[in-house]
Amino acid sequence: MRQVKGQVAGRAVDSRHEDEPTGVRRRLLRAFSGSLATVPALPYTDMRFGQEGELGVVIGRRVRDLPVEEAMTAVFGYTCLLDMSMRSTEDRSTRKSFDTFTPIGPWIVTADEIPDPAVLSLRCWAGDTLRQEATIADMIFDVPTLVAYASSVMTLEPGDVIATGTPAGVGPVADGDRVAVEIDAIGRLEVTVSDRGAIPYGQRVGAALSPTVPMAHAPAPHS
């Protein structure tokens, strides 16, 4: 497995199933982890966390302000990506940036092997339950548009990863759950969720400065 390093463009756009404007968020390098590991490591015992299976687009050269018609020339390849998220009062970047919250892998398939990423099918399981299934064409914006848009916001560097967004089916995960993302022509990324070392949300640093978390954000019943 080749480890993707470098700054991360974050998720350039959410899927068509979520009512949220287009945006780009950077993700810290330590948020990354590999396949078959005991991750993601949930930081809190009493918050709800969810899985989001996505396609990771790996940038191959330094670019800025690319037009859409040239965007694919900057793509080195593709990988599976699991975008974990916590429901809380923090901003979205914080809720997705805990260590190990972005597993990627198990390898990179180069762009010449996948001439049209739109035709790829993505599936995501939690345990034996298939939660997400869609094609990349189902997303609001295609890969060239995402790359061009991200490059209009920031300089993209080799090794940057753009996550395409996720289809419907996001649900709660908890300690011991196996979560897998599988994408045609790429492979299968599988991790085990752990809450080892987790603490109550109210004991976190800065808790006194943040509003009380509504009960709606508490973990959902989990089987």
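Strand 5 (75-82) and strand 7 (residues 102-110) run antiparallel and are joined by four bridges. The model is predicted, so local features need pLDDT of at least 70 and side-chain atom pairs count only at pLDDT 80 or more, while totals for chains, interfaces and linings use all residues. Residues are numbered from 1 along each chain as its sequence is written, and side-chain values use heavy atoms, with hydrogens and water left out. The protein chain has two helices and 13 strands; these are DSSP runs numbered from the N terminus, with helices (H or I) of at least four residues and strands (E) of at least two.

**Confidence**

- The mean pLDDT of the protein chain is 81, and 74% of the residues score at least 70; pLDDT is the predictor's confidence in each residue, from 0 to 100.
- Among the elements, strand 8 has the highest mean pLDDT (97) and strand 1 (residues 10-11) the lowest (36).
- Residues 1-19 stay under 50 in pLDDT, and the model has 90 contacts for them beyond four places in sequence; a contact means heavy atoms within 4.5 Å.
- Residues 214-223 also have pLDDT below 50, with 14 contacts in the model beyond near neighbours in sequence.

**Burial and contacts overall**

- Of the 223 residues in the protein chain, 51% are buried (under 20% relative accessible area, with exposed over 50% and partly exposed in between, using a 1.4 Å probe and protein chains only).
- Among contacts between residues at least 6 apart in sequence, 76% join residues at least 24 apart.

**Strands and sheets**

- Strand 7 is largely enclosed by the rest of the structure, because seven of its nine residues are buried.
- Tyr78 has Val109 in strand 7 as its bridge partner.
- An open sheet is formed by three strands in the order 6-3-11, with antiparallel pairing; two strands pair if DSSP finds at least two bridges between them.
- Strand 6 and strand 11 (172-173) are the edge strands of this sheet, each pairing on one side only.
- Two bridges link strand 3 (residues 49-50) to strand 11 in the antiparallel sense, and Phe49 stands opposite Val173 in strand 11.

**Nonpolar cores**

- The largest nonpolar core has 42 residues, and Phe49, Leu55, Val147 and Ile186 have the most contacts inside it; such a core is a set of buried Ala, Val, Leu, Ile, Met, Phe, Trp, Tyr and Cys residues joined through side-chain atoms within 4.5 Å.
- At least two residues of this core come from each of several elements, including strand 4 (53-59), strand 8 (121-126) and helix 2 (143-153).
- Leu55 touches, among others, Tyr78, Leu122, Val143 and Ile186, not counting residues up to four places away in sequence.
- Another core, of six residues, lies apart from the largest one and has Leu81, Ile104, Ile108 and Ala163 among its members.

**Cysteines**

- The count of disulfides is zero, where a disulfide is a pair of cysteine sulfur atoms within 2.5 Å.
- Cys80 is in no disulfide, and the nearest cysteine sulfur, that of Cys124, is 10.0 Å away.
- Cys80 counts as buried because its relative accessibility is 0%, and Cys124 is buried with a relative accessible area of 0%.

**Asp83**

- Asp83 is in the loop between strand 5 and strand 6 (85-86), and counts as buried because its relative accessibility is 0%.
- The side chains of Asp83 and Lys96 are joined by a polar contact of 3.2 Å (a pair of N or O atoms within 3.5 Å; within protein, one must be able to donate a hydrogen and the other to accept it, and residues adjacent in sequence count only if both atoms are side-chain atoms).
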